[in-house]
Amino acid sequence: MPEMLNTEAAFALGQPDVFSGGPTGQPDGYTSPRSVAVGAGKMAVADTGAHRVVIYESIPADGTARPTVVLGQPDFDTQEADCDEFSLNSPGSAYITPDAKLIVADNGNSRVLVWNSIPTGLEQGRRADVVLGQVDFTHCGANAGGGAVPARSTMRGPVGVWSDGVRLAVADTVNSRVLLWDDIRNLQSGQEPSRVLGQPDFDSATLAAPDRRTLAFPRAVTSNGTFLAVSDSNNRVLLWNAWPSQDEQPADVVIGQRDFVQNEDDDSIESAQSLDSPFGITFHQDRLLVVDEGNHRLLIFKSD
């Protein structure tokens with residue numbers, strides 16, 4: 001971990017060196033990558049613009065590391081969006097569970113795909129085992145064809161996912177809600193979530209004013225096993241002190257605003273407590289890390 005401000009990166013992946021940038025093309029470069037996940041000794045990158053997830057068989061130790069597996073494409077040279085059990089469309093995030101499942105928020109296809117084990121180099125382009133949010137692997141419309149009208153088993157543009165191998169949380173972004181599954185150990189395609197946060201029921205997708213119960217285009221969700229955190233486009237992060245047990249359960253803590261009904265994003269009031277379009281969030285030990293996208297910074301909150 002960096003020990004001081006202005007620490008330089010040790011190496012870069014997706015670029016020839018740490019001084020280069022821009023889309024680099026195939027097969028080893030990235031096109032607008034959005035998330036990285038580490039687990040089970042492997043690393044997965046959601047390479048959003050190339051409509052794929054690439055997997056490294058081990059955690060890269062230097063810039064010579066190359067991915068050995070590609071999902072969403074037939075090979076490393078192709079970057080076409082499609083809708084089937086092998087394809088991806090602008091994946092928003094990838095997550096590796098402690099029991100080595102790979103979970104991908106397939107944003108452009110309004111679904112979540114699950115691989116029950118992480119594909120290896122001998123399984124290029126392996127099909128997903130489970131699809132959530134759609135009736136099957138060949139339908140990819142918003143809210144399973146319902147457009148702006150959601151249902152319990154549908155999604156619209158999900159971006160963030162988190163799981164501990166038992167529970168699953170999905171930031172169903174365009175529906176302005178978070179979906180929760182209490183037990184995914186025997187997860188089946190089309191399995192309905194246990195409850196919903198941010199909306200009064202599964203049939204609503206209202207963009208309501210901020211309060212303890214509402215969400216606006218949530219983009220990331222995470223947990224440390226106790227607390228659940230959601231980055232909300234109301235320029236805040238909401239925290240629940242325990243895994244929610246009821247629909248539309250109110251949040252316990254708000255970060256980034258003075259209270260639950262404010263939505264300040266004025267750059268002139270940047271402070272150690274303000275947020276502007278927070279995106280990625282993760283827990284590490286006793287800290288919550290928040291990518292404060294609009295303020296071009298990473299904030300680290302330490303528990304008392």
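In the hairpin of β1 and β2, two residues lie between the strands, and Ala 40 takes a positive phi near 55°. This is a predicted model, in which local features need pLDDT of at least 70 and side-chain atom pairs count only at pLDDT 80 or more, while totals for chains, interfaces and linings use all residues. Residues are numbered from 1 along each chain as its sequence is written, and side-chain values use heavy atoms, with hydrogens and water left out.

Strands here are DSSP runs of E, at least two residues long, numbered from the N terminus. Two strands pair if DSSP finds at least two bridges between them. Strands of a sheet pair through backbone hydrogen bonds, either parallel or antiparallel.

Strand β1, residues 33-39, runs antiparallel to β2, and six bridges join them. Gly 39 stands opposite Lys 42 in β2.

β2 also pairs with strand β3, residues 52-56, in the antiparallel sense over five bridges. In that pairing Asp 47 stands opposite Arg 52. β2 and β3 form a hairpin too, with four residues between them, and His 51 in its turn has a positive phi of about 55°.

Is β2 itself buried or exposed? Six of its six residues, 42-47, are buried, meaning under 20% relative accessible area, where over 50% would be exposed and anything in between partly exposed, with a 1.4 Å probe and protein chains only. Lys 42, Ala 44 and Ala 46 are buried on one side, and Met 43, Val 45 and Asp 47 are buried on the other.

Three strands form an open sheet in the order β17-β18-β19, with antiparallel pairing. Its edge strands are β17 (278-284) and β19 (297-302), each pairing on one side only. Between β17 and strand β18, residues 287-292, there are five bridges, and Ile 281 stands opposite Val 290 in β18.

A cavity is a set of points, on a 1 Å grid over the protein atoms alone, where a 1.4 Å probe fits but cannot get out; lining residues have an atom within 4 Å of a point. How many cavities of 30 Å³ or more are there? The count is one. About 40 Å³ of space lies in the largest cavity, where volume is the space filled by probe spheres set on the points, and points are joined across faces, edges and corners. Its lining residues include Leu 132, Arg 152, Trp 181 and Pro 193.

Terms used: On a 1 Å grid over the protein atoms alone, a cavity is a set of points where a 1.4 Å probe fits but cannot get out, and a pocket is an open set with protein on both sides within 12 Å along at least five of seven lines; lining residues have an atom within 4 Å of a point.
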